[in-house]
Amino acid sequence: MLKKIIVGAILVVVIILAFKFCEFKKEDDSTLDYNTNLIQQQIVNVGKLVVTEGHFSEVLTYKNQQKYMMDILSFEKKALIIVNADVTVSYDLHQMKYDIDEANKTITILSIPKEEIKISPDIKFYDVEQSQMNPFTGDDYNKINKSVKVNLAKKIEKSTLKSNAQNRLISELSKILILTNTMGWKLQYEGKVIENEKDFATKVKL
């Protein structure tokens, strides 16, 4: 009788331990799913259009001369041109590609989209001088518009607009870094572990 009681007690203990073990495993799996979902949601939140805006102005003088009769006669046209341009530098983070490795608790950024620069110039003409022999044509306006955009592109390269846009991009991406650090995950880009925002800025190639 005592032997049966002891065996019964052992069986009860084994059943309780097995139940506890299964319950523990269930909680572990649930936490893993929660972590993954939270990270995916953060990446979705970051996946947006990051836009940095700037404004540029310049004054140009356009001249063109047509010559006839072995350069004896010439007809000139010219105009003062004032340009005001709105410029945007944007990163569409919807296009960012990444991989989530649940087993190793690692997020790998596979690619970051290149910046898109949009120039919207407002061109106004003043002091226009022309003649019937050399009037302004659509070809002149096309040349002026092309020249304006080339000059503006040079100004943008020399300005802080692109670096400001990159700083905003790093700030957005660092939201993923903060979450991974908090949850004990790793963030990688091109085989390199990103450990802090400064590290991000130096290792991420834009």
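Entry 1. The model I am looking at is a predicted one. I looked up valine 59 and found it in strand E1, which covers residues 49-68. Is valine 59 buried or exposed? Its relative accessibility is 56%, so valine 59 counts as exposed, since the cut-off for exposed is over 50%.

**Entry 2. The chain as a whole.** How many helices and strands does it have? I noted four helices and seven strands. Read from the N terminus, the order is α-β-β-β-β-β-α-α-β-β-α. The chain has 206 residues, and 30% of them are buried. I wrote down an accessible surface of about 13,800 Å², with 55% of that surface belonging to carbon and sulfur atoms. For contacts with a separation of 6 or more, I found that 73% are between residues 24 or more positions apart.

**Entry 3. Glutamate 58.** I returned to strand E1, because glutamate 58 is found there and counts as buried with a relative accessible area of 10%. Which residues does glutamate 58 touch, leaving aside neighbours within four places in sequence? I listed Ile81, Ile82, Val83, Val148, Asn151, Leu152 and Lys155.

Glutamate 58 forms a salt bridge with lysine 155, and the closest N and O atoms are 3.8 Å apart. The pair links distant parts of the chain, as glutamate 58 is in strand E1 and lysine 155 is in helix H2 (residues 138-158), 97 residues apart. I checked the cover of lysine 155 too: at 32% relative accessibility, lysine 155 counts as partly exposed.

**Entry 4. Other salt bridges.** How many salt bridges does the structure hold? I noted six. One of them joins aspartate 140 to lysine 77, with the closest N and O atoms 2.5 Å apart. Aspartate 140 lies in helix H2 and lysine 77 in strand E2 (residues 73-92), so this pair ties together parts that are 63 residues apart in sequence. I looked up the accessibility of each partner. Aspartate 140 is buried, at a relative accessible area of 3%, and lysine 77 counts as buried at 4%. The cut-off for buried is under 20%.

I also noted a network of salt bridges that links Glu115, Glu157 and Lys162.

**Entry 5. Helix H3.** Next I went to helix H3, residues 161-183.

Glutamate 172 pairs with lysine 175, and the closest N and O atoms are 3.3 Å apart. Why are glutamate 172 and lysine 175 separated by about one helical turn? They are three residues apart in helix H3, and that spacing gives about one turn. Glutamate 172 counts as buried at 10% relative accessibility, whereas lysine 175 counts as partly exposed at 36%. After H3 comes glycine 184, and its phi is positive, near 80°.

**Entry 6. Positive phi values without glycine.** I finished with two residues in loops. Lysine 105 is not a glycine, yet its phi is positive, near 50°. Where is lysine 105? I found lysine 105 in the loop between strand E3 (97-101) and strand E4 (106-111). Its relative accessible area is 37%, so lysine 105 is partly exposed.

Glutamate 190 also has a positive phi, of about 50°, although this residue is not a glycine. I placed glutamate 190 in the loop between strand E6 (186-189) and strand E7 (192-194). At 44% relative accessibility, glutamate 190 counts as partly exposed.

Terms used:
Residues are numbered from 1 along each chain as its sequence is written. This is a predicted model: local features need pLDDT of at least 70, side-chain atom pairs count only at pLDDT 80 or more; totals for chains, interfaces and linings use all residues. Side-chain values use heavy atoms; hydrogens and water are left out. Buried means under 20% relative accessible area, exposed over 50%, partly exposed in between (1.4 Å probe, protein chains only). Contact means heavy atoms within 4.5 Å. Accessible areas come from the Shrake-Rupley method with a 1.4 Å probe; for residues, only the protein chains shown count as cover. The expected span of a helix is 1.5 Å times one less than its number of residues. A salt bridge is a side-chain nitrogen of Lys or Arg within 4 Å of a carboxyl oxygen of Asp or Glu.
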